[in-house]
Structure formats: structure tokens, C-alpha cells
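Here are my notes on this model, as numbered points. Please read them with the structure open.

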Amino acid sequence: MNKTAHRIYLSLLSIIVLLAFAAIANKGYTYYKLGIEDRFFHADHILLKPSGIWGHGMGIIGSLFMILGVLLYMFRKRYRIFSRIGILKHWLEFHIFLCTLGPVLVLFHTSFKFGGIVAISFWSMVAVFLSGIIGRFIYIQIPRTIEGRELSLNEVRDLAGDISNTLTSTIGLDEESLKIIVNAAKPKAQLQSGNFITRYFNKKAENRKTLATVKAIMDKNNLPKAQRLQVINLVKNEWSLNRRIERLVLMQNLFKYWHVAHLPFALVMLVIMIIHVAVTIVFGYRWIF
Ligand code: HEM
Ligand code: HEM
């Protein structure tokens with residue numbers, strides 16, 4: 001899928017969700033805003049109540065969308081035989097689409113009354129939906145291949161140019177000066193301790209010290225202005241790369257914890273949904289079947 005096709009794909013998915021929400025809200029607005037007792041007298045009560053032909057249908061289709069959205073993504077991600085079908089990133093987008101449209105339909109299925117044990121399923125669905133948004137935010141902070149596979153730390157490092165190679169090949173610094181600059185630009189382990197504020201100020205002080213060392217070396221080597229600027233930029237680039245790597249490790253850890261939260265909520269929702277469906281079938285609700 002090229003960039004334009006991908007944009008059209010995403011826009012289409014978003015438009016479907018928005019249109020579905022707007023159409024159902026528009027159809028049911030006068031019904032949903034009524035109190036429970038008054039709903040009985042509304043012309044659309046037969047259609048829109050949770051066991052009505054529309055209300056019940058939205059519960060069934062919404063639940064199927066969520067189950068399908070989870071299964072398709074998990075199978076594509078976990079089983080090798082599916083690994084050639086499409087790009088994982090696009091499947092995650094499809095997961096988000098089905099798992100957003102599904103909850104929208106289930107929300108209208110409940111007709112905004114959340115009673116009984118099935119309320120636990122509803123609020124788990126809300127929790128898994130909200131945690132999904134947070135997970136998506138963390139997910140995009142982690143560098144990946146085009147297919148959506150996480151890059152390892154070494155792969156991220158390889159993406160950046162090698163500072164010492166550039167210093168020797170284009171600037172032509174001697175071995176001794178090169179070593180001092182490369183060491184000065186390296187991340188310092190002792191700066192990782194302390195709280196956020198002390199770490200910030202220690203880093204600022206350390207960076208000032210590093211720049212002073214680098215400038216002294218450049219003075220010693222009598223570098224012209226253009227090359228001095230190039231060296232300073234290289235060192236600043238190295239700092240920015242180090243910051244990104246630090247954030248990458250933090251995001252990878254956060255994402256591991258996030259998985260531990262997202263999955264159980266999905267399971268609670270599913271288990272109580274199954275009990276809820278079984279109970280309604282026992283009570284004789286069969287929808288169109
Ligand atoms: C996560 C999915 C689901 C959630 C969160 C959910 C939630 C709810 C809620 C909150 C109600 C209203 C309870 C009340 O009146 O106090 C309800 C009613 C109902 N649901 Fe669901 N539901 C889900 C899926 C389903 C599915 C898949 C079916 C059918 C196969 C279904 C069938 C029904 C029926 C028939 C009623 C009406 C029961 C009655 O009026 O006594 N629901 N549901
Ligand atoms: C009720 C709705 C949802 C359910 C039941 C659900 C369920 C799941 C499940 C079971 C997984 C697989 C977890 C694993 O592999 O360990 C998953 C992954 C994920 N979901 Fe959802 N999800 C829902 C909605 C969303 C939403 C709305 C978003 C984003 C806006 C989202 C974003 C993600 C992300 C980023 C992943 C991780 C992908 C990965 O690590 O490869 N989910 N979801």
C-alpha cells in the first residue's frame with residue numbers, strides 16, 4: 001500500500017466509525033435522552049431497547065466486531081503461517097477500527113443503562129478501550145521497521161551515523177583528540193541517578209563541561225569556523241541520539257507493563273459478555289434467529 005492508499009484506508013475507517021456514531025445517535029437521540037419509565041411510550045422503544053431488533057442487533061454485531069478485531073490481530077501477530085498477509089501495522093489499524101466500532105455499537109445496545117453484572121463487562125470494555133489509546137501512544141514512540149517489528153537498541157544505534165568515523169574522515173582529527181571528543185559525548189552512567197529535576201540539571205552541567213572540552217580540543221587543532229560548527233553539531237546529534245535511546249528503553253518497559261493491563265481487561269469483558277449472552281438466551285432472547 002503506498003502512502004496515498006494508506007491515507008485513504010485510514011480516512012475510510014475513521015469515516016465509517018464517525019458516520020455509524022452520528023447515524024445511530026441521530027436516530028435514537030429522542031429515545032436515549034428519555035428517563036427509563038418514559039422510554040416505554042416512545043415510538044422506537046421496540047427497536048432501540050437492548051432486546052429490540054436494533055438494540056439487540058447492535059449488541060451482537062458490536063461484540064462480534066470486537067472479537068474479530070482481537071482474533072485477527074493476535075493470529076496475524078503470533079502465528080507464522082499468517083505472517084505474509086499484509087503489514088502488521090495495517091492489521092493493528094484494523095484492530096483499532098473494529099475495536100472502536102464494536103464498543104460504539106455496544107454502547108448504543110446498552111441504551112445508556114448499565115445495570116446488573118454485565119455492567120462489569122461494559123466498564124471493562126471502556127477500560128480496555130481507554131488503555132488502548134494510551135498503548136497506541138506508547139506504540140508509536142518505539143521505532144519500528146516498515147512492517148511494524150520493534151527495532152532493537154543496536155538497530156537504532158546503527159541508524160545514526162558513527163561520530164568517530166565522521167570526525168576522522170571529514171575533519172581529519174588526530175587519534176588523541178578524537179578519543180577525548182568521543183568519550184566526552186558518551187552518556188555518563190552517574191547521570192542516571194537521582195530524581196527527574198536533579199538529573200536534568202546534572203545533565204545540563206555535564207553538557208556544558210563537554211562543550212568546553214571539545215572547544216579546547218578544537219582550539220588546540222586550530223580548526224576553521226566551518227569545521228568547528230560541524231564538530232559541535234556532531235556532538236549535539238550524539239546527545240539527541242542518547243536521549244532517544246534512553247526514551248526508547250523507558251517506552252519499551254512501559255509497553256511491557258501496558259500489555260499486562262490491556263489483556264486482562266479484555267478477558268474480563270469477554271468472560272462476563274459470554275455469561276450475559278448465555279443468560280439472555282436462557283431467557284428466550286434470540287434476535288432474528
Ligand atoms: C460487551 C458486550 C455487551 C455488553 C457490555 C452488554 C451490556 C448490556 C447491558 C448494560 C444491558 C442492559 C441491562 C439492563 O437492562 O439493565 C444489556 C441488555 C441486553 N443484552 Fe447485552 N451486552 C453485550 C453484548 C450482548 C450480546 C452479544 C447479546 C446477544 C447475543 C446481548 C443481549 C442482550 C439482551 C437480549 C439484553 C436485554 C435483556 C433484558 O432486557 O432483560 N448483549 N446488555
Ligand atoms: C474493546 C476494545 C479492545 C479490545 C478488546 C482490545 C484487545 C486487545 C488485545 C487482546 C490485544 C493483544 C494483546 C497482546 O498481544 O498481548 C491488543 C493489542 C493492542 N491494542 Fe487493543 N483492544 C481494544 C481496543 C483498542 C483500541 C481502541 C486501541 C487504540 C486506540 C488499541 C490498541 C492496541 C495496541 C497498540 C495493541 C498492541 C499491539 C502490539 O503490541 O503489537 N486497542 N488489544
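1. Domain bounds come from an automatic or database domain assignment. On that basis the protein chain splits into domain 1 (3-150 + 250-282) and domain 2 (154-249). Their C-alpha centres are 47 Å apart. Contact (C-beta atoms, placed from the backbone, within 7 Å) involves 7 residues of domain 1 and 5 residues of domain 2. On the domain 1 side, helix 11 gives the most, with 4 residues. That side has 4 nonpolar, 3 polar and no charged residues.

2. A word on conventions. The model is predicted: local features need pLDDT of at least 70, side-chain atom pairs count only at pLDDT 80 or more, and totals for chains, interfaces and linings use all residues. Residues are numbered from 1 along each chain as its sequence is written, while chains are lettered from A and ligands numbered from 1 in the order in which they are written. Helices are DSSP runs (H or I, at least four residues), numbered from the N terminus. Nonpolar means Ala, Val, Leu, Ile, Met, Phe, Trp, Tyr, Cys and Pro; charged means Asp, Glu, Lys and Arg; the others, Gly among them, are polar.

3. Ligand 1 is surrounded by 24 residues, counted when the C-beta atom, placed from the backbone, lies within 6 Å of the molecule. The closest are Pro-50, Gly-59, Ser-63, Gly-115 and Tyr-285. At least two shell residues come from each of helix 4 (53-78), helix 5 (88-110), helix 6 (118-141) and helix 11 (225-282). By class there are 12 nonpolar, 11 polar and 1 charged.

4. Ligand 2 has 22 residues around it, with Cys-99, Gly-132, Gly-135, Arg-136 and Ala-266 the closest. Helix 4, helix 5, helix 6 and helix 11 each give two or more of them. Helix 6 has the largest share, 8 residues. The shell holds 14 nonpolar, 6 polar and 2 charged residues.

5. Helix 4 has 26 residues and spans 37 Å between its first and last C-alpha, close to the expected 38 Å (1.5 Å times one less than its number of residues). Its buried residues include Gly-59, Ser-63, Phe-65 and Arg-76. Their cover includes helix 3 (45-48), helix 5 and helix 11.

6. Why does Ser-121 count as buried? Because it has 22 C-beta neighbours inside 10 Å, and the cut-off is 20 or more other C-beta atoms within 10 Å of its own, placed from the backbone (exposed: 12 or fewer; partly exposed: in between). Ser-121 lies in helix 6. Setting aside residues up to four places away in sequence, Ser-121 touches Met-269, Ile-272, Met-273 and His-276. The C-alpha atoms of Ser-121 and Ala-266 are 9.0 Å apart, across 145 residues of chain.

Note on methods
Two residues are in contact if their C-beta atoms, placed from the backbone, lie within 7 Å.
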